[in-house]
Amino acid sequence: MTTQTQPTQTHTTQKQPTQTRTWHSGIPAGRIGKRLVQVAVTLFGLLLLTFFIGRVMPVDPVLAIVGPDADHSTYQQVYHQLGFDKPLWTQFGIYLSGLAHGDLGNALLTGKPVTQDILRVFPATMELATLAIILGAGVGIPLGVLAAAKRNSIADYVVRIISLAGYSTPIFWVGMMGLLVFYAWLGWVGGAGRVDFSLDGQVTRHSGFMLIDALIAGNGEVFRNALNHLILPASLLGFHSLAYISRMTRSFMLAQLSQEFIITARVKGLSEWDVLWNHAFRNILVQLLTVVALAYGSLLEGAVLIETVFSWPGFGSYLTSSLMLGDMNAVMGCVLVVGMIFVVLNLLSDLLYQVFDPRTKV
């Protein structure tokens, strides 16, 4: 009986390549952390710059509180209470300490916490800017595609003239002309404010968005009136963003329409609609995300003139009033919000780039 010896097997342990930890979307976690650090550094620099500029401005916030007729002892008392007698770096450290606890200080304009004021006025601006970007992108993108498809035609020239007019015309002048024509002469839209004075306060504030609150309350009269007041300023802001979005869309589309794969698609007999929207436009969609996001951020912080013309009680009006009063707590709170808006929109755009375009993934 022969005993067969089984051959011994040598098990070699192969070193597995290390993998970068990623989210389920395939975005490297390291890149997320790097961008978050950049966000923190950017916001800190923005706060530092705004704080020291505010402290060296010729506007005296103490006089705004006590008035020009106050005596010297009253002035010194308030000056000491506000901490202006401390070194600038100490004042900035105190502000950052409060900020870490969610305290932006109290506003001189209202006497209330700045956070509470911003939460009160920001929904009005967001409602205005959201409808404006929907109109601007909804009209601007098709116009940009049309201009690129009909390059050097009458349609292209018309779109370019519209874009030029939207960029070059002062927004406050357009707002006043809009009120004069569509409100005073034709009576098609509502006037200043978010609703008529007789309807103000009839709807309980839940979200701060007048249209949503009116729907929640089931008040159709307030909803129609609020929409009637909103449509003109939103359309004018949308026209301003339309100019930028249509121009960028045209530029992106022209770059794509000159590529070889577009020529190949046309040679294969695909329809012009299919070539434009399913081939060229799909390749610029990721770029347009950034364009629309930045346009939206600009509307959120740049609606100051429209809000002034239309007496719109929003973020821009609040910031302007705070600047005129020298209320640096309110100004810095607004600057922080604006900075966070742009930084977050840029971060989201970068993440969406990597989600929709695999070529940008690491």
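**Exercise 1. A pair within one helix**

Task: Explain how Asp-117 and Arg-120 are placed relative to each other along helix 5, and state how far apart their closest N and O atoms are.

Solution: Asp-117 and Arg-120 stand three residues apart in helix 5, so about one helical turn separates them. Helices here are DSSP runs (H or I, at least four residues), as strands are runs of E with at least two residues, and both are numbered from the N terminus. The model is a predicted one, in which local features need pLDDT of at least 70 and side-chain atom pairs count only at pLDDT 80 or more, while totals for chains, interfaces and linings use all residues. Residues are numbered from 1 along each chain as its sequence is written, and side-chain values use heavy atoms, with hydrogens and water left out.

The next step is the distance: the closest N and O atoms of Asp-117 and Arg-120 are 3.5 Å apart, and the two residues form a salt bridge. A salt bridge means a side-chain nitrogen of Lys or Arg within 4 Å of a carboxyl oxygen of Asp or Glu. Side chains of opposite charge can pair when their charged atoms come close.

The last step is accessibility, where buried means under 20% relative accessible area, exposed means over 50%, and partly exposed lies in between (1.4 Å probe, protein chains only). Asp-117 has 0% relative accessibility and therefore counts as buried, whereas Arg-120, at 39%, counts as partly exposed.

**Exercise 2. The other salt bridges**

Task: Find how many salt bridges the whole structure holds, and describe the pair Glu-127 and Arg-194.

Solution: A search of the whole structure finds five salt bridges. In one of them, the side chains of Glu-127 and Arg-194 meet with an N to O distance of 2.6 Å. Glu-127 lies in helix 5 and Arg-194 in the loop between helix 7 (171-185) and helix 8 (210-217), so this pair ties together parts that are 67 residues apart in sequence. Both Glu-127 and Arg-194 are buried.

Glu-272 and Arg-266 also form a salt bridge, with their closest N and O atoms 2.7 Å apart. Here Glu-272 is partly exposed at 37% relative accessibility, and Arg-266 is partly exposed as well, with a relative accessible area of 36%. Finally, a network of salt bridges links Asp-156, Arg-160 and Arg-250.

**Exercise 3. A loop residue**

Task: Decide whether Phe-84 is buried or exposed, and say where Phe-84 lies.

Solution: Phe-84 sits in the loop between helix 3 (72-81) and helix 4 (88-100). At 16% relative accessibility, Phe-84 counts as buried. Leaving aside neighbours within four places in sequence, Phe-84 is in contact with Arg-55, Pro-61, Val-62, Tyr-79 and Gln-91.

Key: Contact = heavy atoms within 4.5 Å.
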